[in-house]
Amino acid sequence: MSRYGLAVDLKKCVGCKACVVGCKAENEVPESVFRLTTHEIEKGSFPHVETEFRHDQCRHCENAPCISVCPTKASYKDEKGFVRIDFSKCIGCKACMVACPYDARFINPEGGYADKCTYCIHRVNEGKDPACVNTCPTGARIFGDLDDPNSDIRGELRGNQVAVPQEEAGTDPKFFYLNKKLAEVNV
Amino acid sequence: MEIEVANNLTHIWEWPVALHFVLSALVGGLVGIAGFSRLVDKDRLARVATLTAFPILIIDLLVLWLDLTRGLRAFWLFLSFRVTAAISWGSWALLLTSIVTVIYLADFYGYIELSQMTNNVISWSAIGLSIAVTTYTGAMLTSSMAAMPLASSMLLAPMFAVSALAMAGGLLELFNVERNISAWVLTFASVASAILFGFYIGELYGGTLAVREAYNHLIHNYGFIWWLTIGLGFGLPALLAVFWMTSQTQRKKLICCLTKAVAIFSLFGGVGIRFVLLMAGQGH
């Protein structure tokens, strides 16, 4: 069984937001909401300034708190380890949004249900990469099977400095930052 | 530097959910008191508690339902049950509480007659449901601790429960329905204050870095209302309760004023603590 994950190499990310646009177009995400966002953070003052980008999206956590708090079982984990939402069962109580430490979920303004990144499961099922990975011009986003020792993501995780976002939350996310320099910031 | 917030979300659960916390606390407390009163044959108190709980319950369910973005699918709450989801427990507890309340009202108005055995079963059920309804809101917050470090204390659910009893007792105290309720209110108010003290110490000294950061956020952004709630809503009732228990005064007017003050302050504290913890907990 596959266990998919995503890594973002912050040394390669230039903050062009092509991933954001690609996600929005591929998944027909309504106006004013996003399944994926990027934020630039800054540290220091001129001339010693460092900048880095943060990518906010669903981390498809192993211990996903959004699943355990969902009262209608609308949020669930599928056989590939993707955290998914059965829109027909979602009542819009927003418990999953409150429980998510990554602010990855939002209420879809057109349907009223909780929505989020799916790692483009429809594309993955066809053997393609998610739209954000496919669109990234610098190859900063790497997607693949974490259980496959020959996958690109496993190679990148082996060869780089790896950071897990908000590790203290204990959710065991399947999303990693590579070559991260700056500390997390509270939004 | 300033960073924009993804999807424009700062608070996800807004005032309707905080209001639901308050109203469900009152309903849970009142139904628990009604159940206990029926067991000890205090029919007038049981009747007033039930009659007060019923309209609050209706408003509470309406507020909760209106806050859902897909209210017409609310039936899914009762077609599936997730053990780890506090809302699952809460929705069933509120449904059963509604049924118990209707049965009590039907009994009071003579539509049905409950045997002693049935009455005992329903009254004990009311007490059990009272515990479920008053604790589940605290459990709701605690179950989101990965994103809400401020609510990561296991003391939150019992504190909400005892505070709910103090609030419900305080409301009945203001109605002058039963003399003995004063002692209950004072006792519950003191216990709620003691648990809050434990919660507070835990936040200050026992928590992780994330908890301490969340606490700093609370003090920085909600400091005034937090200290007002702690001082007036929990500290003062506890002090007045201690004074009442130790003074052995026979001056009826003084006792009356003291218990009414504790009732009002307990209601204030119960409302304040729910609003502050919900809003500050999410804002971090």
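A crossing of two helices is left-handed if the near helix is turned anticlockwise from the far one by less than a right angle, and right-handed if clockwise. In this predicted model, local features need pLDDT of at least 70 and side-chain atom pairs count only at pLDDT 80 or more, while totals for chains, interfaces and linings use all residues. Residues are numbered from 1 along each chain as its sequence is written, and chains are lettered from A and ligands numbered from 1 in the order in which they are written.

**Chain B: overall form**
- Chain B has 9 helices and 0 strands, these being DSSP runs (helices H or I, at least four residues; strands E, at least two) numbered from the N terminus.
- Of its 284 residues, 49% are buried, meaning that 20 or more other C-beta atoms, placed from the backbone, lie within 10 Å of the residue's own.
- The C-alpha atoms of chain B fill a box of roughly 65 × 55 × 25 Å along the principal axes.

**Helix pair H1(B) and H5(B)**
- Helix H1 (residues 15–39) and helix H5 (residues 116–142) of chain B pack at about 155°, with axes 8 Å apart; the axes are lines fitted to C-alpha atoms over the stretch in contact, and angles run from 0 to 180 degrees between N-to-C directions.
- H1(B) and H5(B) are therefore roughly antiparallel (angle over 145 degrees).
- H1(B) passes H5(B) in a left-handed crossing.

**Interface of chains A and B**
- 38 residues of chain A are in contact with 32 residues of chain B (C-beta atoms, placed from the backbone, within 7 Å).
- Strand E2 (37–43), helix H2 (65–69), helix H3 (95–99) and strand E6 (106–107) of chain A each supply at least two residues of the side that touches chain B.

Definitions and conventions: Two residues are in contact if their C-beta atoms, placed from the backbone, lie within 7 Å. A residue is buried if 20 or more other C-beta atoms lie within 10 Å of its own, exposed if 12 or fewer, and partly exposed in between; C-beta atoms are placed from the backbone. Angles under 35 degrees count as roughly parallel, over 145 as roughly antiparallel, 65 to 115 as roughly perpendicular and the rest as oblique.
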